[in-house]
Amino acid sequence: MQHDILNRLQAETSELLKALYGLENAPMDWQPTRKEFEGDLTLVVFPYLRSSKKKPEATAEEIGTALQERMAEVHSFNVIKGFLNVEISSDYWLACLHGIQDLENYGHQPKGNETILVEYSSPNTNKPLHLGHIRNILLGYSVSNILAAAGKNVKKVQIINDRGIHICKSMVAWQKFANDESPETSALKGDHLVGKYYVEFDKAYKAQIAELIAAGKTEDEAKEEAPILQEARETLRKWEQGDEATVALWKTMNSWVYAGFNETYQRLGVNFDKNYYESDTYILGKQVVEDGLAKGLFFQKEDGSVWCDLEAENLGQKLLLRKDGTSVYMTQDIGTAIQRYEDFGIDGMIYTVGNEQDHHFKVLFAILKKLGYKWAEQLYHLSYGMVDLPSGKMKSREGTVVDADDLMDEMKDTARRISEELGKTDGIDEATKAELHHMIGMGALKYFMLKVDPKKRMLFNPEESVDFQGNTGPFIQYTHARIQSLLRKAEEMNGSATGNYTDLISQERDLIKAVLNFPEMVLEAAKDKAPSVIANYTYDLVKMYNAFYQQVSILNDEDGAAVAFRVDLSRKTAAVVKNAMALLGIEVPNRM
């Protein structure tokens, strides 16, 4: 409910309770009136009965009468037992709607001074992005949009895992099996090409293990001694020593991957303000750990390894440097966090990472606090559950995970097939159809992913997500297109609708209240870092508009003032739908 009328009611009620019953700072809880009762806001009066020395009905009646005398906005009230239901005047709601009619960024707060950094995606350079990345990327990007709308200065970043044994495996396999194959010669996206050789490495590695076991080695010995793994380790050593040829190949193969990633990001409609690379940040992390050891914040074991004692925080002990002096993931994350603070002077940081890393981030935040960084208090792990697909729905290139590009192709094809079956794109030229199918497919994918609470494990069904009925992206997109069609018809009527409209009907009041709730929903979604708040608000708004559209004569009412008002209300509803969906990274069409 809108804060201004709530604040007025609370202030007036507080004064009334003092004047009527001598109550100072009395508890007060105005809530939206339940749908089965008449009214806009409801006050429970039971807490005041001891002071009023009256029955609940008489107390509510007395407060309601006094409020109506003091506030022009209170049109009427009714009492049901100890519940005072207040109806706010049509003039108030009409004035509110008029006040936001021309606000382009309605729902967005003015920019403040707080800078929040949001990390998402964070891929490895040895394989393409997959279904799990998609949930991660869509969550991180949407939360970034929502925080920006709530007035934060948002910086979107990713940390690219571009070093280590995984990329060396792809490099070795490419050298052995590729015959100089490149994205240009293979017509494969660069990330798919490098991923192909990561799979080839695994095949060769397993074959060598089998050979060694057949020759009498134990499984553990075979895994350790396989020649191709030794080559990958040697490649890693050469890379760390700066061997010119090794570094050159590493740069070439990574450049292929980045080009592939960028193409996928473009199709998903997401972007970043800055990329960080582990090959840079792991060095800073080592220095910080060595400094922390010198200051007595960490300790060294007899074998030379460096650890952080977090027993007091119930997090055990954490390895930070191996006995040979090499860093672990935690070391890199420490360095990355500090580098980001130095780059942006952040007030807070959000890590969009799956829930299997919950413990890792508790440890990271605890270590940064131990190092004395005050901003470590404002670090947040946006933890999310896994995504499952109905079995047999899609095949993946590797047979284990669903490739992001394949999924987007599948979504566009599903959108095309269902749209054509339903006749949703009849009479539209082929180029526009292709754009619409992409928009609907992406809208379906994004909305289905984001309407679910991030913490929940979810089942993604491509077919179900492209339903034009129910709580789906296409249902909302179709409603927006329907409103735009109505607005075009209204324009063709050439302004025949005139006059002042004053008597709101219930469907109109409900729709205005829902539209006015948008800024509050943005703030709630920002506080909870939950795009699902925006998704489900938008679905409820669209359902309400569809009921209004079906039950009320919008363009054909005899009263010209009613037509003018309903067209304005439709226009503002469409603008809120468009703004809300944009926070989810979803486009809405003007025609369907």
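This is a predicted model: local features need pLDDT of at least 70, side-chain atom pairs count only at pLDDT 80 or more; totals for chains, interfaces and linings use all residues.
Local features here need pLDDT of at least 70 and side-chain atom pairs count only at pLDDT 80 or more, while totals for chains, interfaces and linings use all residues. Residues are numbered from 1 along each chain as its sequence is written, and side-chain values use heavy atoms, with hydrogens and water left out.

**View 1. Lysine 18 pairs with glutamate 24.** A salt bridge (a side-chain nitrogen of Lys or Arg within 4 Å of a carboxyl oxygen of Asp or Glu) joins these two residues, with 3.8 Å between the closest N and O atoms. Lysine 18 is partly exposed at 46% relative accessibility, whereas glutamate 24 is exposed at 53%. For these words, buried means under 20% relative accessible area, exposed over 50%, and partly exposed in between (1.4 Å probe, protein chains only).

**View 2. Glutamate 224 meets arginine 233.** Their side chains form a salt bridge of 2.7 Å, N to O. Glutamate 224 is partly exposed, at 41% relative accessible area, and arginine 233 is partly exposed too, at 28%.

**View 3. Glutamate 234 and arginine 237 pair within helix α10.** Helices are DSSP runs (H or I, at least four residues), numbered from the N terminus; this one spans residues 227–240. The two partners sit three residues apart, about one turn of the helix, and their closest N and O atoms are 3.2 Å apart. Glutamate 234 is partly exposed at 34% relative accessibility, as is arginine 237 at 42%.

**View 4. Salt bridges link five residues into a network.** Look here for Arg8, Glu12, Glu15, Arg70 and Glu73. Across the whole structure, the search finds 35 salt bridges.

Technical notes:
Helices (H or I, at least four residues) and strands (E, at least two) are DSSP runs, numbered from the N terminus.
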